[in-house]
Amino acid sequence: MTTLLEVDSISVTFDGFKAINDLSLAIASTGLRAIIGPNGAGKTTFMDIVTGKTRPDRGRVLWGEGGMNLVGLSEARIARLGLGRKFQRPTVFEAQSVAENLDMALKNPRQPLRLLLARRTAADRVRVEAIAEEIGLRAHLTRRAGELSHGQKQWLEIGMLLAQDPKLLLVDEPAAGMTVAEREHTTDLLKRAARTRAVVVVEHDMEFVRRLDCRVTVLHEGRVLAEGSLDHVTADPNVIDVYLGR
Ligand SMILES: Nc1ncnc2c1ncn2[C@@H]1O[C@H](COP(=O)(O)OP(=O)(O)OP(=O)(O)O)[C@@H](O)[C@H]1O
């Protein structure tokens, strides 16, 4: 098992409050990881640090075989290294079709507009169809993204990230607001995506995490409280105390 991302002793303080407190954790180059923790545990701040949005006061974020330190790099640079982030709310282009959304994502979004609007090549079309199949929207390619259900929009956005072929996909609360059937589809989608890359899911919903059937890291007060299978961490007295608020 090779390590893709290693967070090494990072800390960050906001107005005297330690949101991340000497946090260390490692993510393997393939497979799923769930990160859970009560409100304020530091999950969002962790993602902000890894993606370059927030700079830690201390510590390193090491990437890839060479162990390149991401701290201090711009968000755009980190994204180009292969780190994709899916925020909670879908941000698809509502007026464009599913195919057009995927097509724009296939091309580098930092390209000039005229290239984004350039005609699709045959290879692009094949790739767009393959991604649509992967995310379960093959039958919806010509629909406007704005007409999709909430769950379908989330899948489209995951597809747009997959189009960029990230090495690590960070996904923030994918199950929020989804129906049971949509959740099942999302679990399958994330599991499939994790066969060839690292996928880190930050999630509150324990039932969803159980379905992911993966290693779980519990954060609390900005550090790792427990790690292992969901059964292992939920049997941990420290985790029980934190979740019951004792
Ligand atoms: N920019 C900021 N300025 C001040 N305090 C912040 C800032 N960002 C986060 N915090 C604080 O840091 C702590 C960790 O927040 P964070 O959002 O990372 O937690 P979380 O685990 O994602 O919580 P939730 O599950 O509620 O989203 C919280 O107490 C939060 O209020």
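Biologist: What should I know before we start, and how are residues numbered?

Modeller: Residues count from 1 along each chain as its sequence is written. The model is predicted, so local features need pLDDT of at least 70 and side-chain atom pairs count only at pLDDT 80 or more, while totals for chains, interfaces and linings use all residues.

Biologist: What is the mean pLDDT of the protein chain?

Modeller: pLDDT is the predictor's confidence in each residue, from 0 to 100. The protein chain has a mean of 91, and 93% of its residues reach 70 or more. The model also scores ipTM 0.92 and pTM 0.91.

Biologist: Why is α6 called roughly parallel to α7?

Modeller: Helices here are DSSP runs of H or I with at least four residues, strands are runs of E with at least two, and both are numbered from the N terminus. Axes are lines fitted to C-alpha atoms, for helices over the stretch in contact, and angles run from 0 to 180 degrees between N-to-C directions. The axes of α6 (residues 150-163) and α7 (residues 180-193) come within 10 Å and cross at roughly 10°. Angles under 35 degrees count as roughly parallel, and that makes α6 roughly parallel to α7.

Biologist: Which residues of α6 and α7 meet?

Modeller: Two residues are in contact if their C-beta atoms, placed from the backbone, lie within 7 Å. Among those in α6 are Trp155 and Leu162, and the α7 side includes Thr186 and Leu189.

Biologist: What makes β6 and β10 the edges of their sheet?

Modeller: Two strands pair if DSSP finds at least two bridges between them. The open sheet has six strands in the order β6-β7-β8-β3-β9-β10, with mixed pairing. β6 (83-86) and β10 (223-228) each have a single partner strand, so one side of each is left without a neighbour in the sheet.

Biologist: How do you know that β7 and β8 pair?

Modeller: Five bridges join β7 (residues 168-172) to β8 (residues 198-202), and the definition asks for at least two. These two strands run parallel. As an example, Asp172 has Val202 in β8 as its bridge partner.

Biologist: Which element gives the most to the shell around the ligand?

Modeller: That is α1, with three residues. The residues surrounding the ligand include Phe14, Asp15, Lys43 and Thr44. α1 also lies across β3 (31-36), β6, β7, β8 and β9 (215-220), running at about 150° to β7.

How values were computed. A residue is near a molecule or strand if its C-beta atom, placed from the backbone, lies within 6 Å of it. Angles under 35 degrees count as roughly parallel, over 145 as roughly antiparallel, 65 to 115 as roughly perpendicular and the rest as oblique.
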